[in-house]
Amino acid sequence: MSTMKDVAKKAGVSVATVSYAINGTKALSPETLAKVRAAIKELKYSPDQTAKSFKTGRKHIIAFIVPDISNNYFSNIIDSLEQELRNSGYTLIITNTKESPDLEIEQLKYLTSGIVDGIVLASSAKNYKDIAPYIPAGFPVVLVDRKLKGCPFDIISVSDTDAIEQGMDYLLSCGHTRIGYIGDVPHLSTSRERLQAYLDFLTEHDLPVDHDRIKETTSLTHNAYDLTGQLLAQSCTALVIGNNLMTVDACCYLNQHHADYPDVQLLGYQHKDLYRLFSSDDGIIVQNEYDMGISAARQILTRIREPESSRKEIIIYNEYTRPDQPE
């Protein structure tokens with residue numbers, strides 16, 4: 001069985017450097033990290049987690065509290081988050097709240113009891129005060145995607161304002177002035193910001209704001225399918241869809257009723273590897289889950305190592321594109 005000393009010899013570094021690389025206790029150059037990780041992989045070295053935990057007081061486990069694990073937006077974040085944490089010697093565990101604030105509180109109480117070193121959280125709560133009593137002071141938490149007003153934690157947030165403006169500008173250029181909207185539940189920060197971007201565009205271009213053309217639901221219900229039909233029956237000729245799952249529901253409706261609505265266009269959301277599956281008339285806001293997961297991993301590790309550092313917000317930008325645009 002290989003030892004840390006074997007890894008150090010193979011990588012041409014000191015044992016202390018191997019320890020820094022595994023525990024993330026000191027910044028190392030990318031070249032040094034790469035050599036250590038290559039040696040660990042080649043020698044199939046596995047650190048003694050029990051001894052490491054006893055020595056450092058850390059479990060080297062991070063939890064990601066996910067609101068809907070069936071949503072490929074979050075599963076793609078998990079993929080890059082897990083890979084980045086593994087590179088730093090951490091294991092990721094996943095818990096699923098199914099958008100239930102009560103389940104989220106249960107999981108927070110359990111995970112902060114010494115199970116994990118830190119939590120990445122995509123919260124279903126309406127307010128920070130709803131979850132604050134269940135997170136011990138100083139416990140490392142990083143929010144991802146969803147903001148909570150007054151929350152002191154680091155946040156990896158997403159910005160769609162420019163993408164929505166560009167997409168709606170294209171719809172307007174195609175002659176659409178009756179543009180409907182389907183969005184997620186209004187207490188989510190991403191939902192509010194996307195709806196506000198939609199409303200701002202209408203106002204700035206002197207288009208009427210008709211609240212009957214604004215529908216709110218949750219992706220867990222797949223009600224966006226029926227809401228698409230309702231908006232088209234209200235003479236909407238284009239729709240803005242507020243998340244990736246609702247975009248799929250809306251596209252399904254249009255595919256099944258294409259003869260009735262052949263000229264309807266959508267501005268929706270989708271993962272970068274899937275957006276070209278949509279028709280050439282559909283505008284898509286491409287989600288950058290990869291950078292979201294990478295940034296969340298790096299920030300939770302920074303928060304663990306530097307607990308007194310100032311709060312940080314990292315903004316990930318989604319981009320508007322059309323499948324008929326060249327690469």
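Me: In which helix is the place of E165?
Reply: E165 lies in helix α8. A helix here is a DSSP run of H or I with at least four residues, a strand is a run of E with at least two, and both are numbered from the N terminus. The model is predicted, so local features need pLDDT of at least 70 and side-chain atom pairs need 80 or more, while totals for chains, interfaces and linings use all residues. Residues are numbered from 1 along each chain as its sequence is written, and side-chain values use heavy atoms, without hydrogens and water.

Me: What makes D162, E165, D169, D200 and E204 a patch of negative charge?
Reply: Asp and Glu count as negative. Patch residues have over 30% relative accessible area (Shrake-Rupley method, 1.4 Å probe) and no salt bridge, and like charges are joined within 9 Å. These five residues gather in such a patch on the surface. Its largest share, three residues, comes from α8.

Me: Why is the contact between K10 and E42 called a salt bridge?
Reply: The term requires a side-chain nitrogen of Lys or Arg within 4 Å of a carboxyl oxygen of Asp or Glu. The N to O distance here is 3.0 Å, and therefore the pair qualifies. K10 is in helix α1 and E42 in helix α3, 32 residues apart.

Me: Why do β10 and β12 count as paired?
Reply: Pairing needs at least two bridges found by DSSP. Three bridges join these antiparallel strands, so they count as paired. I284 has T321 in β12 as its bridge partner.

Definitions and conventions. Patch = residues over 30% accessible without salt bridge, like charges linked within 9 Å, V, L, I, M, F, W, Y side chains within 5 Å. Charge placed at Lys NZ, Arg CZ, Asp CG, Glu CD.
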